[in-house]
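Me: I am new to this one. Please show me the structure, then take my questions.

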Amino acid sequence: MTEYLLTGITFLPVAGIAALLLMGNENARMIKVAGMVSACATFFLSLFLLADFDSAAGGYQFVQSALWIEGLNIGYVVGIDGMSLLLVLLTTFLTPIALLGTWNSVSHRLKEYTMMVLLLEVGMTGVFVSLDLFLFYVFWEAMLIPMYFIIGIWGGQDRVYAAVKFFLFTLFGSLLMLVAILALGLYAAGVPEGSFTTDLRTLIDAASGMPAALQLWLFLAFALSFAIKVPLFPLHTWLPDAHVQAPTAGSVILAGVLLKMGTYGFIRFCLPLFPQAALDTAPYLSALAVVGIIYGALVAMVQTDIKKLVAYSSVSHLGFVVLGIFSMTEEGMQGAIIQMINHGLSTGALFLLVGMIYDRAHTRLIADFGGVARVMPVFASFFMIITLSSIGLPGLNGFVGEFLILLGSFKSAALGSVVFTVIASTGVVFAAVYMLWMFQRVMFGPVRDGGLYHGHQLKDLSVREIAALVPIVILVVWIGLYPSTFLSMSGTFARDAVKKIEEVRTGTIRTANMNLLRRP
Amino acid sequence: MNILVPLIVVFPVLGVLVLGFLGSRIKNEKLIGIFGSGMVGLSFVASVWIFVSMLSWDEASRRFTVELFPWISTFTSTSSSLSVSIAYQIDQLSILMTLIVTGVGFLIHVYSIGYMHGDPGFWRFFTYMNLFIVAMLNLVLADNFLLMFLGWEGVGLCSYLLIGFWYDRKFETGGYKPGTGWAGDAAKKAFIVNRIGDVGFLLAMFLMFNRFGSLNFDTVFGAASVLSPGNETILWITMLLFLGATGKSAQIPLYVWLPDAMAGPTPVSALIHAATMVTAGVYMVARCSVLFALAPATMTTIAVIGAATAVFAATMGLVQNDIKKILAYSTVSQLGYMFLAMGVAAFGAGVFHLMTHAFFKALLFLGSGAVIHAMHDEQDVQKMGGLKSFLPVTYKTFLIGAIAIAGIPPLAGFFSKDEILWKAFSSEYGSPFLWIFGVFGAFLTAFYVFRLVSLTFDGKPRFDSHKVHPHEAPRTMTVPLIILAALSTVGGFVGVPESLFGGNALEHWLEPVFRTANAKLGLDHHGPVLVEYILMAFSVGVAAAGIVFARFVYLKRQDIADSLQARFSSLHKLLFNKYYVDEMYDGAIVRPTVRLSEHLLWKGIDISIIDGLVNGAAKVVAWSAQGIRKWQTGVAQVYATAFLAGILLVLSWLIFK
C-alpha cells in the first residue's frame, strides 16, 4: 500500500482540478472550498508518510518504480529520504495556507487561478519525489507553466515582463540541465554492462568512475540551472520582479517552495553524482553565496517596497543555505535542510502578511505606512514574530538553521577557510538592520492621517487570516525550541550525504585524477 | 531540589503565556499587575529556597546541572557533531545572579503596577517584563554557551520591545539636535548595536566548537584548563567574547545604544538597563574566567577598556540635563568599573560590584521614575528643584542611593568599588594607572550624582507651581524604594574585606567558581595592608570632595558653574554632544553603507548592469528579429527575385569553383 502513497500525494490535487473543471464559474465560494478541500486532503495524506517513515534507515523509502519509456530505460521512479520528506510536507502544508490566506484576494478568473495553484502543487511535489532524472525534468518544467500563468494573469502592473523574465531565466538553465541529463545517460550506457538510463540510483553508481573533466562540465550544467533557481548572485534579478508582480499566493509558494528547488537540486543531484566537481567548486559557489548574503541584505535595506524588500531578503537567506550545502559538513547539511524549511515558513508568512496589508491599503510602499501597530495590533504581533524568526532570533526557527550552517562552514575542510563564515556572520547584523528598520517605519511612529492609509481605513486581521498564520507561528516556535522533531528526520540522510563526499575528499574513493580547476 | 530549578524559569514563562494570550481581555489592571509580579515573586521564592539549601551543603554538591530536553543536535549519530541541550546549571555564581534577577526584578514589577497605572499597554508591558525575566534566567542558568546565547539575544529582544514600548512617542536624544528621536529609533539602535557584539559571541562559539568539539561549559573549561596562557585560539575566543560583552554591557566602542535606551519606561531602565541585562557581559566574563585567565592580552584589554569607559562615560554624565540620561551615563561608567575588576582578575570584586550596583542603581532609577511621575513626565533637572519637601520618601531613598554610588562608607557602593580600586592597584594584572583612572572616575561619579541630587531635590523650585503639583508616589512605588534603599545600605556587608576585619563572605562563597582561573593566574598576593588603608582613605576623600564641590556649586554658587561653562564652552559643547560619537558612527558607517547599497549595489549593479545585460540580450533578439522580419514582405515578385538571385549564385559557384 505504501508504495502508492507518494503517487497518491503527488496527483491528489489533480482530482481537485478535475472537480473544478466540472464546476461553473458563478459560485466563487464553491470554487474556493473545492480548492481548499483538495489542498487539505493532500496535506493530510502526506501526514501518513510520517507514520511509516523510518528515520534511522538510509536510502530511499516509499519507493515506487515502473518502466515508462521502454527503449530508453526511462522510468517512473518515486521515493523519498529524510530531506525530501521535509520538503514534501512543506509543500503540502503551504499550499492550503496560501489559499486560505488569500481567500478574497482574487476574483478575476477564480476557477482557473485555483486550478493553477493545484497544478503547481503537483509539479512541486513531483520534483521532490522523483528519483528518475527524466521524470524530475518533466516535473521541473511542468512547474514553470502554472507559475508563469499565475504571475502573468493575476499579477501586478508589470506582470507580463516579470512572467517572461521568470520563464526565460529558468528555461535557459534547465535546457543545459537537459543536455547534461542526456550526457549522463549516455555515459552510463558507456560503462561496462551499462545501458542508457535516467534512473538516479543507477546513475550515481555509474558516475562514480567519471573523469574529473567530464564531471566538472556536467556539474556546471546542473549547477547553472540550480543556481538560477536558488537564486544565487548574480543570477537573482528575476526574483524581485517575479515576487513583486506575483499575486500573494504566488509569492508565498514561490518563496516558500519554488526557491527550494535549486538548493534541493544541488543536494539531490550535484553532490552524489559529481562529488569531486562539487568539492572543487565548493569555495567558488560558497563565495557567491556569501556575496549573496551580504549583497541581498544591503539591497533589501534600501528598498521602498515591502514586497521587494522581502524578495531581496530571500537572496540573502538562500545564500546561507548554499553555504551550508557546500560546507560539506554534517552541521552545514542539516542546517541547510532545516533552513530550507525555515525560509519557506517565515518568508511564506512574510508574503502573506504583506498581502494582507496590501489588500487593505492597496499600497506596499513603506513610506505610505507608520503607526500600523496602533491600528492593527494583532497583525503587528504576527509581523513581529515572523520578523524575529526571519532575523534568526534564538528560540525561533531561523536561528537553528543559521547557527548550524555557520558552525558547519566554520569547521569545513572543503572550504578550508573561516573567511566565508566570518563574512556570512555579519549577515545577521544586516538582517536585523533591514527587517527592523522596515518594521519600525511601518509599525511604529504615530498613526497616519487619522487612521487613513492611502485613503483606506485599516481593519485588524480577520479570523480566517489568523487561522492561516497560526499554524506557521506554531511551527516557527516548535522548530525554534524543539528542532529535534525535524532534524531527526533528515539526520541519517545528512550523515550519508556528507560521508560520501568526505570519502572522496580524503581519497578513500579514488576518482580519476584530473582536476581542472587546480591545474596550474 | 531538581524540580525547583526548572520552576524558577517556568513561573515567568507561565506569566508570559497567560498575559500574552489573555492579557488584552483582562480589563482589571490590578489582576495583571499582581499576576505578573507574582510569577517573578514565586520564581524568587524558588531561588531563595535553593540558595538556603545550598548554604547547608558541602562545596561539591553546591554545583549541579538539571537537563530538561535536547535542543539543537545534528542527529547524524557521529560523535564529533553538535549536540546541545536545554539544561540549567546551579552553582555559587548562577544562584547569586538568579537571586539578583528575580529579587530586584520582583521589586521593579511591583513598582511598575503603580508607575504604569492607566497605560493602555499595561498588559503588554507586564508580558514583556516577564519575558525579559525568562530570557535573563536562561542567560544566567545556562550550562552551555548556546543556551546562554539564547538568553543573551532574548534579553536584547525584550530590551528592544521595551525601549520601543511607547513607539509613537518622541524622546530627547540629547546633544545638538534635541527632541528628534522616536522611541522606535532607540529600540532599533539598541538591537542592532547589540547584534554587532553578538557576531563576536557567535564566532567565539564556532572557534570553541572547532577546538573543543563542544559548547558545554564543563567540557570547554575542562579542556581549556590544561592549556597554558597565551594560547592563540583562546586569545581569539576571549577577544570575540569580549566584543559581545561590549555590546551587551555598553562599553567602548559599542556603548552608544544605552543612553538612547532611556526612551523606554523608567522601570525598564531600572531593571534592564541598569540592574540586570547590561551586567550580562560582566557575568559572562566571570563565567568564562578560566578562558580569560589563559589570555593575558585580553585581560589587559578588558581592564583598559573598562577603566577608559568608567571615566569617559562619567564625563558625559557631568553635563547632561535629562535625569535619566545622567543615570544612563552613570550606568555605563559603573559597568566600566566591573570590567576593570574583571580585567585585573578580581572576578569576585566585579561580581560584588555587579550586585551592589543592582541595588543602588535600581533605586536611583526608580527614584527618578517617582520624580518624573510627580513632575508629569518632566525629565529636565533644570526645570526641577526643591522637590525634597514634596517627595520626602523619594528624596531620602534617593539620597541613600546617591551616597552609595558615590562610595561613602559604610554604604554598599563603598565596599565593592573600593575593592575594585584596591585590586586595580595591587593585583599583578593591575597598575597604578588603572587605579588613577578609577579614582578620577570616582570623583566624577560623586560630582555628577550630587549635581543631580542638588538640582532635583534641593534649592528653590524652578517649575511653575501653579501648573505642576508634585506629589509623593503611591505605596506600590515607595515600598520597593525603601527595600532597595535598605539593600543599598547593608548590601555591602557581605563583602567587607579582611583588612576591615570583615569576613568577605561573598568572595569566599564565589571562590570555588574562580578557583581554576585564580590558580592559572597564580594569584595569592594581597599587598601591604597599610597601603590599602591609605588608598582607601584617599578614595573616600576624593568622593567626599566630589560631593562637597557639587553641592557648593549647585546650591550656593551657581555662578561658578555658569562661568566654568562659559570659559570652557567648547569642552562643554563637546561633552554635551557626547563627543559627537553618534554623529561619527552615522557619518562614517551608517550613511555611506546606505548610499553605497542604494546607488552602487541596487541601482548600479542590479538594475543597470545585470538587468541591463538581461534586457539588452532580449533587445538584441527583438531588434534583429525586427530587421529580418522586413524581408518577409509578402510580395511574390520579391520572393521570385530572391529565388532567381539564389539560383544564379549557386549556379555560378558550381560553374566557377
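Reply: Start with a contact in chain B. Glu29(B), Ile32(B), Gly33(B), Gly36(B), Met39(B), Val40(B) and Ser43(B) in H2(B) meet Phe122(B), Trp123(B), Phe126(B), Met129(B), Asn130(B) and Ile133(B) in H4(B). Contact means that C-beta atoms, placed from the backbone, lie within 7 Å. Helices (H or I, at least four residues) and strands (E, at least two) are DSSP runs numbered from the N terminus. This is a predicted model, where local features need pLDDT of at least 70, side-chain atom pairs count only at pLDDT 80 or more, and totals for chains, interfaces and linings use all residues. Residues are numbered from 1 along each chain as its sequence is written, while chains are lettered from A and ligands numbered from 1 in the order in which they are written.

Me: Which classes of residue make up the contact of H2(B) with H4(B)?
Reply: Ala, Val, Leu, Ile, Met, Phe, Trp, Tyr, Cys and Pro count as nonpolar, Asp, Glu, Lys and Arg as charged, and the others, Gly among them, as polar. By that sorting, the contact of H2(B) with H4(B) has eight nonpolar, four polar and one charged residues.

Me: How is H2(B) directed relative to H4(B): roughly parallel or roughly antiparallel?
Reply: Axes are lines fitted to C-alpha atoms, for helices over the stretch in contact, and angles run from 0 to 180 degrees between N-to-C directions. Under 35 degrees counts as roughly parallel, over 145 as roughly antiparallel, 65 to 115 as roughly perpendicular and the rest as oblique. The axes of H2 (residues 29-56) and H4 (residues 122-141) of chain B come within 9 Å and cross at roughly 5°. Therefore H2(B) and H4(B) are roughly parallel.

Me: What is the direction of H2(A) relative to H3(A)?
Reply: In chain A, the axes of H2 (residues 28-52) and H3 (residues 82-101) come within 9 Å and cross at roughly 160°. So H2(A) is roughly antiparallel to H3(A).

Me: How many charged residues does the contact of H2(A) with H3(A) have?
Reply: Gly35(A) and Phe43(A) are among the residues that H2(A) supplies, and Leu85(A) and Pro96(A) among those from H3(A). By class, this contact has twelve nonpolar residues, five polar and no charged.

Me: Which element supplies the largest share of the side of chain B that touches chain A?
Reply: Here 41 residues of chain B are in contact with 46 of chain A. E1 (64-73), H5 (145-163), H6 (183-212) and H24 (581-629) of chain B each supply at least two residues of that side. The largest share, twelve residues, comes from H6(B).

Me: Which residue stands opposite Ala66(A) in E2(A)?
Reply: Strands pair if DSSP finds at least two bridges between them. E1 (residues 61-69) and E2 (residues 74-80) of chain A pair in the antiparallel sense over six bridges. Opposite Ala66(A) stands Tyr76(A).

Me: What is omega for the peptide bond from Phe233(A) to Pro234(A)?
Reply: Pro234(A) lies in the loop between H8 and H9 of chain A. The bond from Phe233(A) to Pro234(A) is cis, with omega near 0°.

Me: Where in chain A does pLDDT stay under 50?
Reply: pLDDT is the predictor's confidence in each residue, from 0 to 100. Chain A averages 91, and 97% of the residues score at least 70. Where pLDDT is low, the predicted coordinates should not be read in detail. In chain A, pLDDT stays under 50 over residues 510-520.

Methods
Two residues are in contact if their C-beta atoms, placed from the backbone, lie within 7 Å.
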